[in-house]
Amino acid sequence: MITRDEAFDLLKKYNKEEFHIKHALTVEGTMRYFAEKLGHDPEYWGLVGLLHDIDFEMYPEEHCKKAPELLKEGGLEDDFIRSVCSHGYGLCCDIEPTHEMEKVLFATDELTGLIGACALMRPSKSVQDMEVKSVKKKFKDKKFAAGCSRDVIRQGAEMLGWELDELFQETILAMRTCEQ
Ligand SMILES: [Fe+2]
């Protein structure tokens, strides 16, 4: 396994836009939080989160298709690559999330975007004082942050067997640990 520094260098090799770097760091921190909570390896889950969108900035048309090549070059193993690609299940690839880590990535990737957009609407511009009910309200408002797929979030919660409220609550708590 590569180190966190090596992974961050690999991310920066293919991602220059601040928005993409921030998203990678948010998903990294979120994955670390869930790994700790669920009794898994936070280092490993964090790296998957950090690199999950590695190919998106430069190869948006080949999202999850270019990633294996970039990750392999970077020294990542097949299992790791599989997990990264599975977050595009039903959208840009047909690798189904099966491991709990893959399901958490699938469920939280779009949701961190929605929660981040909710945070920007607040006077504090922060998730620190955010409550589930404000996320629920924005979740129902389809025009708000329309790019964050409610279907994917719902499908992710279903895969995990969690209620949406529970997923929202835990993802808010996760994002509090890694606010960018
Ligand atoms: Fe993502």
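Guide: A salt bridge here is a side-chain nitrogen of Lys or Arg within 4 Å of a carboxyl oxygen of Asp or Glu. Please note that this is a predicted model, in which local features need pLDDT of at least 70, side-chain atom pairs count only at pLDDT 80 or more, and totals for chains, interfaces and linings use all residues. Residues are numbered from 1 along each chain as its sequence is written, and side-chain values use heavy atoms, with hydrogens and water left out.

Visitor: How many salt bridges does that rule give?

Guide: The count comes to 11 salt bridges.

Visitor: What does lysine 22 pair with?

Guide: Lysine 22 forms a salt bridge with glutamate 18, and their closest N and O atoms are 3.5 Å apart. The two residues are four apart in helix H2, hence separated by about one helical turn. Helices (H or I, at least four residues) are DSSP runs, numbered from the N terminus.

Visitor: Is glutamate 18 buried or exposed?

Guide: Glutamate 18 counts as exposed, at 56% relative accessibility, and lysine 22 is partly exposed at 36%. Buried means under 20% relative accessible area, exposed over 50%, and partly exposed in between, with a 1.4 Å probe and protein chains only.

Visitor: And which residue does aspartate 151 meet?

Guide: Aspartate 151 forms a salt bridge with arginine 154, with the closest N and O atoms 3.2 Å apart. These residues lie three apart in helix H8 (residues 150-160), again about one helical turn. Aspartate 151 is exposed, with a relative accessible area of 53%, while arginine 154 is partly exposed at 36%. Another salt bridge joins aspartate 129 and arginine 122 at 3.3 Å, N to O.

Visitor: Let us change topic. Which residues are the protein donors of the iron ion?

Guide: They are His23 (NE2), His52 (NE2), Asp53 (OD) and Asp109 (OD), lying 2.1 to 2.2 Å from the ion. Donors are N, O and S atoms within 2.8 Å of the metal (3.2 Å for Na, K and Ca); water is not among the atoms, so sites may look incomplete.

Visitor: What is the geometry of the site of the iron ion?

Guide: The site is irregular, with angles of 83 to 172 degrees among its four donor atoms. Four donors count as tetrahedral if all angles lie between 85 and 135 degrees; four count as square planar and six as octahedral if opposite donors are over 155 degrees apart and all others between 65 and 115; anything else is irregular.

Visitor: Where do aspartate 53 and aspartate 109 lie?

Guide: Aspartate 53 is in the loop between helix H3 (42-51) and helix H4 (67-73), and aspartate 109 is in helix H6 (residues 100-120), so the pair ties together parts that are 56 residues apart in sequence. Both aspartates are buried.
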